[in-house]
Amino acid sequence: MITRDWLSFGNRKYRKKYGTSLLTFGLPAYKSRSGFMVCPGAKDCIAGCYARQGFYMMSPSRKLQEARLKLTQDTRFVEIISAEIQRRKPKYIRIHDAGDFYSVRYLHHWISIALMNPQVFFFTYSKMLPVIKVAGSLPDNLKIVFSEGGKFDHMINREQDQFSRIFKTVRELRSAGFVNASHEDMKPIKAGVKKLGLVYHGITTRVFSTGGCDAKGSGVQLSNGVRQVQGGKGFRPATAAVVPSVSMRV
Ligand code: SF4
């Protein structure tokens with residue numbers, strides 16, 4: 001268990017720009033096979049989630065995601081991932097190309113990993129605002145962008161938080177004052193850009209990030225009127241109260 005590679009190379013977009021310097025860590029999207037809720041903040045994205053496709057459920061990558069979920073619940077998780085980072089020496093780690101911070105304890109594991117590896121930049125998107133807001137401040141090398149389309153959109157402070165939204169066109173994205181992160185999200189996230197826009201290209205096989213998971217195919221209507229493609233998914237502050245229409249694991 002300790003010597004295998006748990007981190008994967010990124011999707012085509014990331015591989016093209018960053019090669020092997022960027023690694024990813026994905027969990028089963030939405031739920032595990034056993035029914036464990038990996039994305040308690042998911043809402044509009046569920047219907048279009050690639051994890052719900054029969055083929056995907058059978059794929060080797062899904063098996064690896066299930067194994068990673070078990071690893072996150074192992075007492076050696078932080079130690080194992082940190083050892084792999086030190087062995088493989090990535091510059092960037094994209095957490096959760098699928099899945100989300102399902103508990104405060106799990107988020108704290110990633111905070112520990114980031115603190116132990118200050119030379120690496122960790123980034124991700126999340127719909128789990130109650131977990132992230134209760135966790136408090138994050139290390140400088142861990143950025144979590146809140147992504148719209150989940151149960152906790154009302155908790156996003158759109159004046160202060162770094163967040164993402166999906167648009168139909170680049171023109172709409174720009175006129176709303178967002179930065180287009182459809183083809184490059186790591187740099188604007190690292191730079192602290194607050195409003196990250198992602199463009200939906202219609203029913204297509206083109207892969208793009210919907211603010212979290214990578215997505216392809218046709219999909220589901222989001223509450224902002226944009227159809228989210230299959231697999232879509234979709235970060236930060238340090239304030240108070242836990243919210244709660246999901247049962248929070250700690
Ligand atoms: S689309 Fe993303 S956030 Fe939504 S259920 Fe799937 S993995 Fe979770």
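**View 1. Strands β4 and β5 run parallel and are joined by 5 bridges.** Strands are DSSP runs of E with at least two residues, helices are runs of H or I with at least four, and both are numbered from the N terminus; two strands pair if DSSP finds at least two bridges between them. Phe 122 has Leu 142 as its bridge partner in β5. This is a predicted model, in which local features need pLDDT of at least 70 and side-chain atom pairs count only at pLDDT 80 or more, while totals for chains, interfaces and linings use all residues. Residues are numbered from 1 along each chain as its sequence is written.

**View 2. Both faces of β4 are covered.** Phe 121, Phe 123 and Tyr 125 on one side, and Phe 122, Thr 124 and Ser 126 on the other, are all buried, a residue being buried if 20 or more other C-beta atoms, placed from the backbone, lie within 10 Å of its own C-beta, exposed if 12 or fewer do, and partly exposed in between. In a regular strand the side chains alternate between the two faces of the sheet.

**View 3. Helix α5 comprises residues 104-116.** In α5, the buried residues are Tyr 106, Leu 107, Trp 110, Ile 113 and Ala 114. Seen down the axis of α5, these buried residues fall within an arc of 115 degrees, taken from the directions from the helix axis to the C-beta atoms, so they line one face of the helix.

**View 4. β3 and β4 pair in the parallel sense over 3 bridges.** Ile 93 has Phe 122 as its bridge partner in β4.

How values were computed: The expected span of a helix is 1.5 Å times one less than its number of residues.
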